[in-house]
Amino acid sequence: MKRIAIVYGSTTGTTEGIAKLIAAKIGVGMDHVFDVSKFTSSMVDNYDVLILGTSTWGDGELQDDWYDGIRTLESADLSGKIVALFGCGDSCTYSTTFCDAMGELYQALQGKPCTIAGRLPADDYDFSASKAVADDCFVGAAIDEMNEPDKTDERLQKWLDSFRNLLE
C-alpha cells in the first residue's frame with residue numbers, strides 16, 4: 001500500500017471526525033492523520049497519497065487553517081502525488097455554497113503535477129449550487145453531517161472505491 005496522509009481543517013470537529021473515519025476505512029494509522037495547521041511542505045515528501053478535507057464556512061469559504069494549508073501545498077513538490085478531496089457542508093442552510101471550500105482546494109491544485117482522484121455524482125444530493133461540482137460530479141466526497149448523516153458511510157465507501165486501486 002502507498003504511504004497515505006489524511007489532512008483536515010476542522011473548526012467544530014466534524015471534518016476531523018470524517019478524516020478519522022476515512023483513516024479507519026482504509027487502514028491508515030492515526031499517526032498519519034494531521035490537522036492542516038500542523039502540516040508542512042516537508043511532510044508532503046513522506047507520502048504518495050494526500051487525502052485533504054475541509055469544511056465550508058460563511059459564503060463558501062475555506063476552513064480558516066486551510067488558507068495557510070494552501071500555501072503549504074503550493075510550496076510542496078506534488079510531482080507524482082495522488083490527491084483526493086473531501087468536504088463537509090450543509091446542503092439545506094447553505095444550499096448555494098454547499099461544499100464550496102472543497103472546490104477551492106480543487107482550484108488550488110489545478111495545474112499542479114499531481115493526480116486528483118475520487119469523484120461522486122452530484123445527483124444524489126439536494127442543493128442549489130456548489131463550486132465543488134464539475135461535469136455533474138463533486139470533485140471529491142461531499143459530506144453533509146448536518147442533514148444527511150445516514151448517507152455518510154455509503155458516500156465515503158463509494159468515493160473510496162472510485163480510487164482504491166490507486167492506494168495500492
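Predicted model: local features only at pLDDT ≥ 70, side-chain atom pairs only at ≥ 80, totals over all residues.
Student: How many bridges join β7 to strand β9, and which way do they run?

Tutor: Two bridges join β7 to β9 (residues 137-138), and the strands run antiparallel.

Student: What makes β7 and β9 count as paired?

Tutor: Pairing needs at least two bridges. β7 and β9 have two. They therefore count as a pair.

Student: In what order do the three strands of the open sheet come?

Tutor: The order is β7-β9-β8, with antiparallel pairing.

Student: Why do β7 and β8 stand at the edges?

Tutor: β7 (120-121) and β8 (133-134) have a single partner strand each, so one side of each is left without a neighbour in the sheet.

Student: Now β3. Which strands pair with β3 in the parallel sense?

Tutor: Strand β1 (residues 4-9) pairs with β3 in the parallel sense over six bridges. Strand β5 (residues 81-88) also runs parallel to β3, joined by seven bridges. Look at L50 in β3: A5 has L50 as its bridge partner, and L50 stands opposite V83 in β5.

Student: In which sense do β3 and β4 pair?

Tutor: β3 and β4 (residues 61-62) pair in the antiparallel sense, over two bridges. W57 stands opposite E61 in β4.

Student: What do β3 and β4 form, and how many residues lie between them?

Tutor: They form a hairpin with three residues between the strands. In the turn, G58 has a positive phi of about 55 degrees.

Student: How many residues of β3 are buried?

Tutor: Eight of its nine residues are buried, which leaves β3 mostly covered.

Student: Why is helix α4 called largely enclosed?

Tutor: Count its residues. Eight of the 10 residues of α4 (residues 100-109) are buried, so the rest of the structure largely encloses this helix. Among the buried ones are M102, L105, Y106 and L109. Just after α4, G111 takes a positive phi of about 85 degrees.

Student: Is E148 buried or exposed, and how do you know?

Tutor: Buried means under 20% relative accessible area. E148 has 14% relative accessibility, so E148 counts as buried. Find E148 in the loop between β10 (141-143) and α5 (152-161).

Student: Which residues is E148 in contact with, leaving aside its neighbours within four places in sequence?

Tutor: Y125 and R155.

Student: What makes the link between the side chains of E148 and R155 a polar contact?

Tutor: A polar contact calls for a pair of N or O atoms within 3.5 Å. The side chains of E148 and R155 make theirs at 2.8 Å.

Student: How many residues line the largest pocket, and which lie nearest its centre?

Tutor: There are 19 lining residues, and T56, W57, G89, D90 and M146 lie nearest the centre. By class, the lining has six nonpolar, 11 polar and two charged residues.

Student: Which element gives the most to the lining of the largest pocket?

Tutor: β3, with three residues. Both α1 (14-26) and β3 (49-57) supply at least two residues of this lining.

How values were computed. Residues numbered from 1 in each chain as written. Heavy atoms only, no water. Helix = DSSP H or I, 4+ residues; strand = E, 2+ residues; numbered from the N terminus. Buried < 20%, exposed > 50% of the residue type's maximum accessible area, 1.4 Å probe, protein only. Polar contact = N/O pair within 3.5 Å; in protein donor to acceptor, adjacent residues only side chain to side chain. Contact = heavy atoms within 4.5 Å. 1 Å grid on protein atoms, 1.4 Å probe; cavity = no way out; pocket = protein on both sides within 12 Å on 5 of 7 lines; lining within 4 Å. Nonpolar A, V, L, I, M, F, W, Y, C, P; charged D, E, K, R; others polar.
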